[in-house]
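Q: I should like to learn how to read the packing of helices in a structure. Could we work through one example together?

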Amino acid sequence: MATIADLLARLERLATTLGPPDEANRLESHVAGWMPLAQQTLRAVSNLPTGGRPERVNAGLLAVLGPLARGPRRPIEARPIEHLSDLALTMGAISDVLVEHAGRNPGPEFVGREATKLEAGLLSAVHLTAGWSLGGLERQNLPGTRVSTKRLLRDLVALTEPWALIPPVNRGSILQDLRVRTNTAPGLEGAMVAWADETLLVLGERHRTTSWAMQAIAGNLALISHTAHNAIEQAIKNGGLPAATRPASEALESSVTAWRAAATWPPCLRLGGATTGLQVLTRDLQQHLREAPPRTIADTRNLLHLALPVAEAHVATMDRLVRTHDLWIHGPSLGPSAGYMPSWEREPWWSHQGLSMAKAAQLGHRTLSKAFVTLAVDIEQTPPKPLPLGWPPACSPPARRPPGERIPERHLAIGPDTTR
Amino acid sequence: MTPAETLAVALGHVRNATWQLLGNNQPDGLTVGLECLVLEALLNPDDLKPAVVEAETSPAASLSKAGRLLEAIPEHVAPAAWPVMASLTQTLG
């Protein structure tokens, strides 16, 4: 499925190919086009995890885009300009992804800097478009009562100019990896979304949680970590990733070990029930992981991004099962001190057979999370740019002179020469 | 043994094989172990309580024992389980 990066590239392409301002486009067509574009821009920007309160952080944008989004009081009959409609459509797709992401409580690695970088990408396109519209309207002789749109566009151009000054190479954000989450996507992505959604349902419902499900989920998380580890190692080998991402690879290696341990339930421990739906999706995901592993680092990050909530839910469920003694144990395996327990019984209060698997799952979640954060941060690291030539200026300590030779005036470098 | 008891014992052997494969720290143990888990699900659609049996010397031996038991009760085995069993037997030699 299209990622935000794909949609942003389309947005920029549309904004940079608007052509010269066209006088044939009347004011009403501009206003009709700007209404959905302003609405979707506000929606996208408000759902960026900038870290502050959106209404305060985006106060300036709200003041300008708000009136544009509302439009005039009387209904407009003119058709919106096609370019503006295309831009609004693309911005709407981006805001859909951001709204979905905002609802999933984004991790700290997404908040702040990464959101600001994506905001720069969105608002630079808005800047170009506002400038284009303004250029077209400036050539029209509008009556004095109908200049508010021009004023708003002028404000918008001024407000968004700082974003447009940032070169695209400095705007790469990990948020650009986000995509429309759908289980109808082809290949691994669709299989992963379908499995993750079903898994979260199974782990969230007490009566659908079984030992088979817990084992299969932990095993799949190990397989996902293994696949991601291989993808990163391959990328480092091919030079597509800096060696600084090695900690991510190491964390994934630990994640494989931990999740594998969490999947290794002893045969004397179980929790009954049926999980038919999950069985089919589990097999489907395993097949895709084997046959079509992620080809790019963005795909790998997306895989880990989808796996993390599952890992978190698994840890919580396993913790509950152990703490509340919900697991069933085969009596004879507890030894003669347990008394007469001929077959499967609920685990007695003094036994904690599932504790080692619960601890392994906790470790697996921590390492998987660490791998994702490391990969998200390190991949964006670029070598620091050298400072301009001659900066900082060479600094030498003041020469010590005899008291008689001291110059009482201000230093020449500080201000105008007093003898001038 | 009744067919249900035979299936329970076969399931016990499959569970032993899964445990042995996932816990053996071999690189391919993960994928083969997960395949064993798939086999367990295919063999037990009615949530039968598995028997706890003594582990064989290797996962291959456990699966071989399970296979022999299942061949005795083919009418109680889901047809989809046979190709998985054959694939596992081939992989484990």
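Predicted model: local features only at pLDDT ≥ 70, side-chain atom pairs only at ≥ 80, totals over all residues.

Q: What angle and what axis distance describe the packing of helix H4 and helix H7 of chain A?

A: In general, a packed pair of helices is described by two quantities, the angle between the axes and the distance between them. Here, helix H4 (residues 59-70) and helix H7 (residues 148-164) of chain A pack at about 145 degrees, and their axes are 10 Å apart. The crossing of H4(A) and H7(A) is left-handed.

Q: Which residues meet where H3(B) and H4(B) pack in chain B?

A: B:Pro59, B:Ala60, B:Leu63 and B:Gly67 of H3(B) meet B:Met85, B:Leu88, B:Thr89 and B:Leu92 of H4(B). This contact of H3(B) with H4(B) has 6 nonpolar residues, 2 polar and no charged. Helix H3 (residues 59-72) and helix H4 (residues 81-92) of chain B cross at roughly 150 degrees, and their axes come within 10 Å. The crossing of H3(B) and H4(B) is left-handed.

Q: Which residues of H5(A) are buried, and how should I read such a list?

A: The general idea rests on the turn of the helix. An α-helix has 3.6 residues a turn, so residues three or four places apart point the same way. In H5(A), the buried residues include A:Leu84, A:Leu87, A:Met91, A:Ile94 and A:Leu98. Others in H5(A) are buried too, among them A:His83, A:Thr90 and A:His101. The buried residues of H5(A) pack against three helices of chain A, namely H1 (4-16), H2 (27-46) and H6 (113-138).

Q: What length does H5(A) reach, and what length is expected?

A: Helix H5 (residues 82-102) of chain A has 21 residues, and its first and last C-alpha atoms lie 30 Å apart, close to the 30 Å expected at 1.5 Å a residue. The check can be repeated in chain B. The 15 residues of H2(B) reach 21 Å from the first C-alpha to the last, close to the expected 21 Å. The 20 residues of H1(B) should span 28 Å at 1.5 Å a residue, and its end C-alpha atoms are 28 Å apart, which agrees.

Q: Why is H1(B) described as largely enclosed by the rest of the structure?

A: The reasoning is a count of buried residues. H1(B) is largely enclosed because 14 of its 20 residues are buried. H2(B) is mostly covered as well, with 13 of its 15 residues buried.

Q: Which domains does the assignment give for chain A?

A: The assignment gives domain 1 (4-177) and domain 2 (187-378). The centres of domain 1 and domain 2 of chain A, taken over C-alpha atoms, are separated by 42 Å. Chain A has 13 helices and 3 strands, and 41% of its 420 residues count as buried.

Technical notes. Residues numbered from 1 in each chain as written. Chains lettered and ligands numbered in written order. Domains from an automatic or database assignment. Helix = DSSP H or I, 4+ residues; strand = E, 2+ residues; numbered from the N terminus. Buried ≥ 20, exposed ≤ 12 C-beta atoms within 10 Å, placed from the backbone. Axes fitted to C-alpha atoms, helices over the stretch in contact; angles between N-to-C directions. Left-handed = near helix turned anticlockwise from the far one by under 90°. Expected span 1.5 Å × (residues − 1). Contact = placed C-beta atoms within 7 Å. Nonpolar A, V, L, I, M, F, W, Y, C, P; charged D, E, K, R; others polar.
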